[in-house]
Amino acid sequence: MPTNSTRFKPARKPIAIAVVGLILAQQNALAQTQAPETKPATTAETPAPKTDNPQKLETVVVTSGSRIKRDNYSTTAPLLVVKSEDAALAGYSSTAQILQGTAVTGGQGQVNNAFGGFVTDGGPGANTIGLRGFAPTRSLVLLNGRRLAPSGTRGSVGAVDLNVLPNSIVERIEVLKDGASSIYGSDAVAGVINVITKKDLTSIQVDGSATRTVDGGGNQYNFSIAGGFVTDRTRFLASYNYNASTSLTLAQRDWTTCNTDYRRTSVNGVVGDWGSADTIDPLTGKPKCYPITGTGSNGVTINTIGTNSIAGVGAVGATGPTFNRWRPNSAVSTGLVGFEGVGGANTPNTNIRDTFDPRTLNRTLYSPVRNHNLFAQGGVDLGILGDAELYYEVLLNRRESSQVGYRQLSLDYIKGSPLIPANLAGSTFSSAPVNTSSGQPVGVRAFIGFGNDSSSQSVDFVRTAVGLRGAVTPLASWDYDVSWTHSESRGFYNQQTFLTDRLANSLNVVASGSGFACANTSATGCVAAPRLTSAVIGGQLPQAWVDYVWQNVTGLTKYKEDIFTATTTGTLFKLPYGDVKAAFGAEFRKAKIDDTPSLDSQNNNLYNLTSSTPTRGGDQATDFFGEIEVPVLKNLPLAKEVTINASTRYADYKSYGSDSTYKVGAIWAPTGWLTLRGSNGTSYRAPALFEQYLGPTTGFLSNQGDPCNNWDNPAQAGTPRAKNCASEGLPAGFQATTSITSVNSGGRAAGLKAETSKNASWGLVLQPTLPTGWGTMSFAVDRFDVVVDNGVSRAGTANILQRCYDDPQFRSGGGFCRLVAARAAGSNALTVNDSYVNLATDIARGFDYTAQYTNDIGSGKLKVDLTLTEYRSQAYKLFAEDALDDNNGNVGTPKWSGQLDVKYNLKNWGAFYSLEWVDKTSSYAYYGEDPATSRFKLNTPSYFLHSASVSYNDSVNKWKATIGVRNLFDKKPPVISSGVYNRVGNAPLYSGYDYLGRRLFLNVSKTF
C-alpha cells in the first residue's frame, strides 16, 4: 500500500511553446557554426514537399545533428525547431520557459522556479531541462553549436542553468531528441539542445513585455534592446535583456492555503467521500490545515512541549491518563497545571496538536528571480588562411533569486535548568544528551513556531568564445573550424539559520541577579535563552536572544570550464549518386568545481539543517571523432534517396579512463512523399564533477518519515513492513523521536565510472501532394528507445527506506537495504547512505508524433501544428538483480502529452490559439491499490491548458504588439492525497501543471 515516500524525479514536465514541429533537415554548415544566410532554407517543422500548390511549409536552415555539410533535406533522427518569434504568441518571455514546454520535454517534469523550497541539483533558483524524462545531466545544451557550462550554487552543480541564456537575440532552438555522443561527446545521452542566436543584425530593436496573474503574485516583466551592424568584412551585434519574476506565495492561491490529507474512509469495501478520512481538528470539527501525516502534508508541531509520560488533563479528543506532549492552557488547574495533554501512548495521533501557523503561508510557491543578460558576437573576415573569419562571442549573466520558508524551533531545555518552571522540573524528555544540551539530559523540549526564514542566491556567469573558420586552401571542398571556449561561474548562496553552538551556550545558564546568564563566560556576546513560558512556547521570543542564535551564513560555488575544439569537413571522393562526405576532429575539455560552504556548515553547526563540506575537484578529457556519409542511391525507382551516415568518437578521461561510442543511421525515401529513417548507436556520460567529488554531506529528514512509525496499525497487519519493523524489536505504537540521517558524498573514491547507453530510433515521414487549393500537410512518427546502463544517480533517502522496509526479504535480500544501516541496540535512529553510485538501468521508450498543415484561407494564411509524445515505458532498477520498476503513467510521469497550435495571419493581424494536454495518470497499480476502495487518491484527470493571443505588425512603422491570455480558463492543478508524493498545497509537485493561474500578457517591440 502507499507509504510515506517521495517519488519525485527531477526531469519530467509539460508547459507550452509556440510553433513547433518535426525538422528533417541536415545542416548546411558545421554543427558548431551557424549556417550562412546565403544557403537555401529548409523546413522549420517538416520539409516542404515538391508540389505545384502555392502554399509552402515555413522554412529555416538547421545546424544540429551532424558535423557534415549537406544540401539534403532529411536527417536520420527527429529534430524539433522552436522559433522564438512565435514564442511571444504563446506568452513566453524567456528562453527557459520555451525550453521547458510540452513539445520539447514530452510532458516530463523539469526543475523550475516552483522548486525553490526543495533540494535540487544546481541549487534553488536554477532552471534545468532533461529530455526523454532523464535527469538534466543527460541532455547536452549548446549555444550556437558550442557547449554551455553548468552553473548554480552549492556542491551539486552539473547541469546548465537555463537562466543564463539570452532571450531577445535568440532566433530559434533546435532540439535533437536522440543520443548523439558520437557527434557531440559526453552528456548527449537523451538528446541535444542547440540555442541559435540571430546574426547580421543591422538595426536597433527594443522589446518590452509584461505578464500579470489575475490572482496576484508570479508576475513577469521583461525588457531588451539589441542592435548591430554589418560591413564588407565585419559583423557585430549585442543585446541586453532584463527579466524579472515576482514572488508567488502559498497565501496567494486557494489550493495552497489549506493543505489537507485529502483521504477517504474505506471500511469493508465501503468508501466515503474524498476528505472523509482527513485529520480533523477536534476544536473546530474541520479538516486540519497542514497536518503531520507524512510526505506531502507539510505540517510541523508547534505551540507544544515534550516531556516524559506525566498524568494530567487531556485536551479535547485526547485519551489519558498520561501524556508526553502538552499544549499551554491556563484553565487547567490539576495534573500538569497550565497544560493540557495532546499526545502520548494512548493518543498517538497528531491531529490534536497545533501544526498550522498562518506564517507558513508566507512560504514561496514560485521563486522571485531577476536576470541581467548581456550578449555580444561578431566576426572579421581576414582574407587569409582560406578566406578565414575570426569570430567571437561573449555572454554575461547575473541571476538573483530568493525564497521564503518556515522554521520550527525545537528548543531543548537542560534537565535541572533554572529556565524550566517548577511544575516541569521533574520531567525528563530525553535521558540521552542532544547537540544543544551541553552533554546533559533534556528536561523539556519546546516545539516553537519560529516564523519565516529566507535564502537567496546570486550567480554570475561568464562565457567567452573565440574561433577561426575557413577553407582548407589546398582542398577546395574542405573547411575547418578551430575554437576555444572559456566559461566561469561564481554563485553566492545565503540562508538564515540557528547556530547549534550558540543555542547550546544560551541554554546552559546560571542564575544572575533577577535573571540568567550564560554559564560559558568565554562565549562572546552570549544571550541567555528565555525562561520556558506559555508565551515562549507560542513563539514570543526576546529579540536580543534571536539576534544571537539566528544568523546569516554564506557559501560560494565556483565552476570553470575550458574547451578547445578543432574540426574539418568536406568531400572524400565521389560516387555515382553523390559525394561521400566526412568530418573529423578533436576536442579537449577541462573542468573544475570548487564549492565552499560556510564554516558553520562545514563544522556541522547549522541546527537541524544539512551540514556540508567543500566539494572540490576537476577532470579533463581528450576526444577524437569522425563522421562519414555515403549516398548509396538517388533519383531511382523506389529509391528517391538512400543515404547512410556513421559516426564514432573515442574519449579519454583523466577520472575513469577511456571509452568509445558509435552511431549508424540511414534514410530511405522510396518516393518524394514517403521517407523512412532510423539510427542505432551508443552514448555515454562521464560522471559530473559533483557526482565524483561531492563533499560528505549530512542531512536530516523528519522523524515522521521513519517507515516503522505506527507499524502495528491494523491497516499494516500482515504486510512485509509490519513484519520487518517487528523484527527490529520496535514496540507496538512505535514513534521515532530521532531525525533520519542521510549521508551523501561523491563516488570518485568508490570507483564511480561513466554511464553508457544504447539509443535506437526509427520512423517515417509522410508529405503527400494534395490537390490544388487543399494546402500542404506533413506527418511524422518516430519510435525512440533509450536504455542507460550503470546510470549515475542517487536513489533518494525516502525511496530507499520505503523499498527496504517493504521488501519481504528485508536485510537478507540485499537490494535497497544495503544502503540502510541497522538500528543500534536500544536506539531508534536510522542512517541512510544515499551517495552517488552506478545504478543498473534506466529506460525510456515511446513514440513522437508530429503533424503540420498550412493553407491559404480567404485573404490570410492558416498554420496548424500538432505534437504528441507517447511513452510506452519509463522504467528503472537500482541493482542488476532487481526487477524493472516502471513509472509510466504514474503521477508525475504521464504516458501521453501533446500540444496543438493554430495560427492565422491576415495582413497585419494575427490570431493564435494553443491547447496543451497532459494525460491522466494513476499510481494505483504501481502501489498495488484498488482504486475503488483505496483510502488514497493516487490519480489525476487529463489536464488541459488553453492560451490565446492577438497580434498586430506594422511593417511600415516597424513596430508590433501582442496581447493574450495564458491559462484562459484558469485551470488549477489536480489534487492527490498526502503520504505518497511530494505536494505543493494539495497538488503534486510536478511542473506539468500550471501553478500561476490565468494571466494576461502584453508584448511590444519597435525597430529603429
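Student: In this predicted model, how are α10 and α11 oriented to each other, parallel or perpendicular?
Tutor: Helix α10 covers residues 720-727 and helix α11 covers residues 797-805. They pack at an angle of about 90 degrees, with their axes 8 Å apart. Angles of 65 to 115 degrees count as roughly perpendicular. The orientation of α10 and α11 is therefore roughly perpendicular.

Student: Which residues of α11 meet α10, and how many residues of this contact are charged?
Tutor: On the α10 side the contact has P720, R721, N724 and C725. These meet Q802, C804 and Y805 in α11. By class, the residues of the contact are four nonpolar, two polar and, as for the charged ones, one.

Student: In which sense do β33 and β36 pair, and what is the bridge partner of S742?
Tutor: Strands of a sheet pair through backbone hydrogen bonds, either parallel or antiparallel. Strand β33 (residues 740-744) pairs with β36 over three bridges, in the parallel sense. The bridge partner of S742 in β36 is V832.

Student: How many residues does the hairpin from β29 to β30 pass through?
Tutor: Strand β29 spans residues 639-653 and strand β30 spans residues 657-671. The two pair in the antiparallel sense over 13 bridges, and Y653 stands opposite G657 in β30. The hairpin joins β29 to β30 through three residues.

Student: Is α5 mostly covered or mostly exposed, and which elements do its buried residues pack against?
Tutor: Helix α5 (residues 500-507) is mostly covered, with six of its eight residues buried. Those six are T500, L503, A504, N505, S506 and L507. They pack against β20 (389-414), β22 (479-498), β23 (509-512), β24 (515-518) and α7 (543-549).

Student: Is S276 buried, partly exposed or exposed?
Tutor: S276 is found in the loop between β14 (270-271) and β15 (304-311). Leaving aside neighbours within four places in sequence, S276 is in contact with R263, R264 and T265. Its relative accessible area is 36%, while buried means under 20% and exposed means over 50%. S276 is therefore partly exposed.

Student: How far apart in space are S276 and K920?
Tutor: In sequence, S276 and K920 are 644 residues apart. In space, taken C-alpha to C-alpha, their separation is 24 Å.

Student: Why does the radius of gyration agree with a compact globule, and what is its value?
Tutor: The protein chain contains 12 helices and 48 strands, and its C-alpha trace spans about 100 × 65 × 60 Å along the principal axes. Of the 1008 residues, 59% count as buried. Among contacts between residues at least 6 apart in sequence, 73% join residues at least 24 apart. A compact globule with 1008 residues would have a radius of gyration near 30 Å, so the chain agrees, with its value of 30 Å.

Methods:
Residues numbered from 1 in each chain as written. Predicted model: local features only at pLDDT ≥ 70, side-chain atom pairs only at ≥ 80, totals over all residues. Heavy atoms only, no water. Axes fitted to C-alpha atoms, helices over the stretch in contact; angles between N-to-C directions. Helix = DSSP H or I, 4+ residues; strand = E, 2+ residues; numbered from the N terminus. Parallel < 35°, antiparallel > 145°, perpendicular 65-115°, else oblique. Contact = heavy atoms within 4.5 Å. Nonpolar A, V, L, I, M, F, W, Y, C, P; charged D, E, K, R; others polar. Pairing = 2+ DSSP bridges. Rg over C-alpha atoms; globule rule 2.2 N^0.38 Å. Buried < 20%, exposed > 50% of the residue type's maximum accessible area, 1.4 Å probe, protein only.
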